[in-house]
Amino acid sequence: MKNDALLQVENLEISTITKEKKVPLIKGASFHIHKGEIVALVGESGCGKSLTAHALVGLLEKNCEVTGGAIYYKNKRLDDRNKKDFQRIRGREVGLLIQESLNGLNPLHTVKKHIKRTLKKHRDIPKDKKHIYELLQSVGFKDPGYILSSYPFELSGGMRQRVLLSLMLSLKPSLLIADEPTTALDTINKEKVMQLLKKLQKQYGLTVLLISHDQESVARIADRVIRMKKGGKISVCS
Ligand SMILES: Nc1ncnc2c1ncn2[C@@H]1O[C@H](COP(=O)(O)OP(=O)(O)OP(=O)(O)O)[C@@H](O)[C@H]1O
């Protein structure tokens, strides 16, 4: 394995397991990400991008398993960890931003409550007003006070997506996996979220695995684009 990679995926195989048999869904997926890089993983619908993303954070569905290959994160095997280990790694080390996360915003809670609840889970992260304001400013909000007092339904899709991103970033993950982070957004908001990721990469050295079926939109901000073929094989696009 390449020792200087933050994440190294080698010959990954993910299968569905039933009582009778194991059916591979992806096979032979290999790629790596260096610290501070934005790598876009593209490929047609159903090729296995989301499965890969979920395997990286230990969130495969119950009927799926990593059945071959290896995942290394900071030079340590990741795929053989137990549930508890993954809970510790998720959020603080590796953050996963998915479309469905938007549904995770509680309509009865203000943004302030969402942020406080996220921060409360981690003792060593600053929770003062200045820090929270900076966090919201870092995702492009010019009036954090207004956003903090808002409920999710009072915000646009793009704003909610940026609130989610701020929740993820508050935990300072070493690696952010963003799976189709802009699907529900219009073109202007799509571009805003993309540019924001680029800005965060430059400012904070954020490392991002950006998953999308839309190569054109992610290629603009990615340092490298890799393509997954149906069945899992990965080739380098640029
Ligand atoms: N829990 C599961 N059980 C059985 N098959 C699954 C499961 N999850 C995914 N698959 C299958 O694995 C393949 C890859 O799915 P995946 O969701 O990773 O595709 P994708 O590349 O992310 O597609 P999209 O761009 O549409 O999100 C698909 O054929 C899908 O039907």
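Start at G95, which stands opposite L176 in strand β7. Strands (E, at least two residues) and helices (H or I, at least four) are DSSP runs, numbered from the N terminus. What you have open is a predicted model: local features need pLDDT of at least 70, side-chain atom pairs count only at pLDDT 80 or more, and totals for chains, interfaces and linings use all residues. Residue numbers run from 1 along each chain as its sequence is written.

**Stop 1: β6 and β7**

Select residues 94-98, which make up strand β6, and then residues 175-179, which make up β7. The two strands pair in the parallel sense over five bridges; strands are said to pair if DSSP finds at least two bridges between them.

Is β6 enclosed or open? Five of its five residues are buried, so the strand is largely enclosed by the rest of the structure. Buried means that 20 or more other C-beta atoms lie within 10 Å of a residue's own; with 12 or fewer the residue is exposed, and in between it is partly exposed, the C-beta atoms being placed from the backbone. Show the side chains of β6: V94, L96 and I98 point one way, G95 and L97 the other way, and all are buried.

Stay on L97. Neighbours within four places in sequence aside, L97 is in contact with L164, L165, M168, L176, I177, A178, D179 and P181. Contact here means that two C-beta atoms, placed from the backbone, lie within 7 Å.

**Stop 2: the nonpolar core**

L97 is also one of the residues that touch the most other members of the largest nonpolar core, together with V39, I177, L209 and L210. That core has 58 residues. A nonpolar core is a set of buried Ala, Val, Leu, Ile, Met, Phe, Trp, Tyr and Cys residues joined through C-beta atoms within 7 Å. Domain 1 and domain 2 each supply at least three residues to this core. In soluble globular proteins, nonpolar side chains tend to be buried together.

**Stop 3: two domains**

Colour residues 1-93 and 173-237 as domain 1, and residues 103-171 as domain 2. These bounds come from an automatic or database domain assignment. The C-alpha centres of the two domains lie 25 Å apart. Where they meet, 12 residues of domain 1 are in contact with 10 residues of domain 2. On the domain 1 side, helix α7 (residues 187-204) gives the most, with five residues. That side has eight nonpolar, two polar and two charged residues. Ala, Val, Leu, Ile, Met, Phe, Trp, Tyr, Cys and Pro count as nonpolar, Asp, Glu, Lys and Arg as charged, and the others, Gly among them, as polar.

Next pick I115, in helix α3 (residues 111-120). I115 counts as buried because it has 23 C-beta neighbours inside 10 Å. Apart from neighbours within four places in sequence, I115 is in contact with I132, L167 and S170.

**Stop 4**

From I115 go to S50, 65 residues away in sequence and 26 Å away in space, C-alpha to C-alpha. Which residues come nearest to the ligand? They are S45, K49, S50, L51 and E61, out of 14 around it. A residue is near a molecule or strand if its C-beta atom, placed from the backbone, lies within 6 Å of it. The shell around the ligand divides into four nonpolar, eight polar and two charged residues.

Helix α1 (residues 49-56) gives the most to this shell, with three residues. Six of the eight residues of α1 are buried, so the helix is largely enclosed by the rest of the structure. The buried residues are K49, L51, T52, A53, A55 and L56. After α1 comes G58, with a positive phi near 70°.

**Stop 5: the open sheet**

Show β2, β1, β4 and β5: in that order, these four strands form an open sheet with antiparallel pairing. At the edges are β2 (22-33) and β5, each pairing on one side only. Strand β1 (residues 7-17) is joined to β4 by eight bridges.

**Stop 6: two loops**

Most residues other than glycine have a negative phi. N75, in the loop between β4 (64-73) and β5 (76-77), has a positive phi of about 70°. N75 is exposed, with 12 other C-beta atoms within 10 Å.

End at K172, in the loop between α6 (157-170) and β7. Its phi is positive too, about 50°, although K172 is not a glycine. K172 counts as partly exposed, with 15 C-beta neighbours inside 10 Å.
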